[in-house]
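This briefing is for a reader who is new to the structure shown below. Please look over the sequence and the model before reading on.

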Amino acid sequence: MKITRLETIYLPDYPSILFVAVHTDAGLVGYADTCYMPDAVAGFIHQFAAPMLVGHDPLAIELHWRRLYEVIAHIVGKGAELRALSALDVCLWDILGQAANMPVWQVLGGAVRDRIRTYNTCGGPNYGRAAKGSVGYGTLDAHGKYEDLIAFMERPDELAFELLSEGFTGMKLWPFDYVAHYPGTGWDNWRSFRGMFEPNLRSLGGHDISAADLNRALVPFRKIREVAGDRMEIMVEGHGLWSLPAALKIARALEEFQPAWLEDLMRADDIDALAELRRGTTCPILASEYLATRYEYKPLLEKQAADIVMIDPTWAGGITECKKVCAMAEVYKRPVAMHDCTGPFTLYAGIHLALNAPNAIYQESVRAYMRVNYPDLVTELPVMEAGHFLAPTKPGLGTTLLPDVRTREGAVVRESR
Ligand SMILES: [Mg+2]
């Protein structure tokens with residue numbers, strides 16, 4: 001079998017995402033997506049990766065990873081280039097599964113469980129796909145169902161009850177963000193946080209948080225605990241916005257609510273500061289979807305800077321690399337949680353990894369994406385039952401791009417042969 005062409009597909013309705021397809025002379029097509037700066041990702045795929053992959057055996061996955069990574073490391077290309085490598089790698093695993101007539105979890109070495117627990121990340125359908133530069137929370141034109149960001153700010157108790165009744169036993173929210181954003185950046189679109197908060201024109205950019213702001217942001221946690229007790233796990237998202245003293249204030253204030261984890265209260269660019277945060281609170285610290293490859297997760301583990309390791313398969317290096325990061329985390333007795341707040345193929349890649357990795361504890365999902373966005377993009381969706389994703393049964397990843405996607409208005413389809 002040989003790779004015949006690489007294809008990238010961009011849809012204006014999903015401006016952050018790039019869909020990637022690897023075609024073979026056997027007729028098998030592997031799919032993936034990756035998120036952020038799709039033009040840059042496509043540029044690497046067509047200029048650099050295509051000459052290295054077209055005409056080669058798609059099943060030599062490890063070799064392709066190494067060859068592409070060496071180019072990337074040489075040009076210090078840890079951003080869009082690595083996301084391109086990640087997506088291409090996921091495509092190759094999809095092809096391998098289809099060639100073997102087995103789901104990816106099977107060719108990874110089998111499943112250690114028949115389902116993986118999920119939680120609802122409380123964003124709306126437009127969360128993460130704002131029109132320009134991915135700025136804002138996608139709530140400015142909010143209408144209709146599954147506006148879970150507005151819900152966790154305005155009626156967290158009702159939302160928790162609704163999620164529990166759907167079988168979810170975990171929910172992730174980020175009520176501290178509003179304090180951290182500088183005014184005038186586009187992120188301070190207060191309709192995201194309407195209802196509870198006044199515009200915070202005194203923002204110190206995440207370098208401090210006042211007692212008043214802190215206490216206002218604790219309200220959702222109090223209300224969720226009142227209605228759900230300990231039946232609902234609460235994950236706290238920080239989006240890397242805080243300095244260490246502010247993060248410590250937030251962490252200590254949250255201790256009474258026993259959150260499942262505090263995620264990226266600080267950017268993971270200073271592992272020592274992260275370790276200090278971890279030592280300063282009883283809340284479990286999770287890090288980080290912002291890290292990529294074994295080489296960036298190594299210091300996180302060595303310095304014991306996180307309790308739980310978050311991995312995104314289409315950012316951190318694809319399925320090949322993420323399996324290794326899972327194994328590294330296992331050595332340090334750390335559980336892993338798979339990230340997806342982006343695209344349907346990333347979700348599938350994470351599910352397969354989480355079924356195979358002994359130390360996986362969660363696959364993230366966004367019910368707004370599962371019910372509004374992903375059905376608009378792919379043929380199959382993973383089956384969810386009582387707050388878990390069941391193991392996909394089809395060969396490969398188990399889903400494919402809808403046939404009409406390439407001909408939609410404004411779609412940009414590029415290919416390299
Ligand atoms: Mg996150």
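The model is predicted. One of its features is an open sheet of four strands, in the order β3-β2-β1-β14. Another is a magnesium ion, coordinated by Glu237, Glu263 and Glu289.

**The open sheet**

- The four strands β3-β2-β1-β14 pair in the antiparallel sense.
- At the edges of this sheet are β3 (29-35) and β14 (412-416), each of which pairs on one side only.
- From one strand to the next, the twist averages 20 degrees.
- Strand β1 (residues 3-10) and strand β2 (residues 17-24) run antiparallel and are joined by six bridges.
- On β1, Ile3 stands opposite Thr24 in β2.
- Strands β2 and β3 also run antiparallel, with seven bridges between them.
- The bridge partner of Val22 is Gly30 in β3.
- A hairpin is formed by β2 and β3, with four residues between the two strands. In its turn, Gly27 has a positive phi of about 90 degrees.

- On one side of β3, the buried residues are Val29, Tyr31, Asp33 and Cys35.

- Helix α1 (residues 38-53) lies across β1, β2, β3 and β14. Its direction is at about 175 degrees to β1.
- Helix α3 (residues 80-100) lies across β1, β2 and β3. Its direction is at about 150 degrees to β3.

**The magnesium site**

- Which residues coordinate the magnesium ion? Glu237, Glu263 and Glu289 do, each through OE, at 2.1 Å.
- The spacing of these donor residues in sequence is E-x25-E-x25-E.
- Glu237 and Glu289 are 52 residues apart, and the pair links distant parts of the chain. Glu237 belongs to strand β6 (residues 233-237), whereas Glu289 is in the loop between β8 (285-287) and α11 (293-302).
- Glu237 has a relative accessible area of 4% and is therefore buried, the cut-off being under 20%.
- Glu289 counts as buried as well, because its relative accessibility is 9%.

- Ala287 stands opposite Val309 in β9.
- From strand β9 (residues 308-311), Ile308 and Met310 point one way, while Val309 and Ile311 point the other way. All four of these residues are buried.

**The contact of α2 with α12**

- Two packed helices are described by the angle and the distance between their axes.
- For helix α2 (residues 61-74) and helix α12 (residues 318-331), the axes come within 9 Å and cross at roughly 90 degrees. Helix α2 is therefore roughly perpendicular to α12, a description that applies to angles of 65 to 115 degrees.
- From α2, the residues Ile61, Glu62 and Trp65 meet Thr320, Glu321 and Lys324 in α12.
- By type, the residues of this contact divide into three charged, two nonpolar and one polar.

How values were computed
Residues numbered from 1 in each chain as written. Predicted model: local features only at pLDDT ≥ 70, side-chain atom pairs only at ≥ 80, totals over all residues. Heavy atoms only, no water. Axes fitted to C-alpha atoms, helices over the stretch in contact; angles between N-to-C directions. Parallel < 35°, antiparallel > 145°, perpendicular 65-115°, else oblique. Contact = heavy atoms within 4.5 Å. Nonpolar A, V, L, I, M, F, W, Y, C, P; charged D, E, K, R; others polar. Donors = N, O, S within 2.8 Å, 3.2 Å for Na, K, Ca; no water. Buried < 20%, exposed > 50% of the residue type's maximum accessible area, 1.4 Å probe, protein only. Pairing = 2+ DSSP bridges.
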